[in-house]
Each structure stands twice: as C-alpha cells, then as structure tokens.
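Here is a short briefing for a first look.

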Amino acid sequence: MSGPGSAAAGVLEMLAGRGQSLAVAESLTGGLVAGALTAVPGASRVVRGSVTAYATEVKREVLGVDGALLAARGAVDGEVARQMASGVRRVLGADWGLATTGVAGPDPQDGHPVGTVFVAVQGPDGAGAVRRLSLAGYRDRIRQDTIRAVLALLLSELTENTRAQDTEQHGGNGCLQP
C-alpha cells in the first residue's frame, strides 16, 4: 500500500493542474492530513489551510456543523463529516474541503467502537462524497489509514469529476465530436 505522501502528491498535482484549492477539517487525525499535504513541495499552490476541530464546539462554532445534529448523533457521523468538509471550504475559501471524524481509540466514543471513521469530500458544483470506514489496529494505524482514505476519496471525486466533464464535452462516447 502506498503511503499518504504519494497520495498527497497525486492529489496536489491534480488540483494544481485544475487551478483549484483545498482546505482540511480534521478531528481524529488532529492535523495529520494537513501535515501530509504540506509535506509535499509546492503544496502552497493548492492548500489554503486547515482547522483541527477536535472539540465538538469547534465543529459547531467554527465550521458551522448543525448543533442539533451534533446533539442528536454525536461527532462520529457521516453527515457531521459532510458538514465539516462544507464548512472548511466556506471558512477558508477553498474549492474542495476534506474532513475526518471518528474514533481512533483507545476507548469507544458516542457508542461507536474504536476504528469507526467517517471521511468526507465536498467540492464545487455539488461534488462530494462521504465514506464510513471500519478500521482495525491501534490508534496510530487508524489515523494513518484515515489519511489514506480521505485522500483516496478526494482522488476518486476528482477522477469522476474529470470523467463527467469529458462526457459533457465529448458526448459521452469517449470520442471527440466534430
């Protein structure tokens, strides 16, 4: 399995080629996604910044996650992840927002076992996705696997977005239209 560094480099290269920017909202990863991205030379062309929203209040007050949602479901939730990604996009003025929230351990949280993680990507024109992960291992392994997963989700969205644009421009059959 490739490390977060190569995934980060691929994501940054693709976004730079599109002239698009990225922002990150992190809970269980505590800044590690932003760290992986900014470790890549030239990341400043793409990365706008990050918010480490470890506390529930930060998710609500800074990122704009719905307080009623947080009260009802807790912070370990797919819709919370989606709202975090949307919120960081808005707050930092980025084209794409990433988010991580979940339980890295050592103890369960909000009724969720260790390894329950949600990653989200929100982009322009309604693009976006949320994934629920059930990860195994110790805290460090769960956090590293979460970094890989959120970067892979963004790469998937970028690839799908490119295919959709190609379909619109070329009639959907893979051939150039006259």
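In which helix do aspartate 145 and arginine 148 both lie, and how many residues apart are they? Both lie in helix α6, three residues apart, about one turn of the helix. Helices (H or I, at least four residues) and strands (E, at least two) are DSSP runs, numbered from the N terminus.

This is a predicted model: local features need pLDDT of at least 70, side-chain atom pairs count only at pLDDT 80 or more, and totals for chains, interfaces and linings use all residues. Residues are numbered from 1 along each chain as its sequence is written, and side-chain values use heavy atoms, leaving out hydrogens and water.

- A salt bridge is a side-chain nitrogen of Lys or Arg within 4 Å of a carboxyl oxygen of Asp or Glu.
- The count by this rule is five.
- Arg141, Asp145 and Arg148 form a network of salt bridges.
- Aspartate 145 pairs with arginine 141, with the closest N and O atoms 3.0 Å apart.
- Aspartate 145 also meets arginine 148, at 3.9 Å from N to O.
- Aspartate 145 is buried at 13% relative accessible area; buried means under 20%, exposed over 50%, partly exposed in between (1.4 Å probe, protein chains only).
- Arginine 148 is partly exposed at 22%.

**Another salt bridge**
- Arginine 60 bridges to glutamate 61, with the closest N and O atoms 3.1 Å apart.
- Arginine 60 is partly exposed at 33%, while glutamate 61 is exposed at 59%.

**A loop proline**
- Proline 106 lies in the loop between β3 (96-102) and β4 (116-122).
- Proline 106 is exposed, at 73% relative accessibility.
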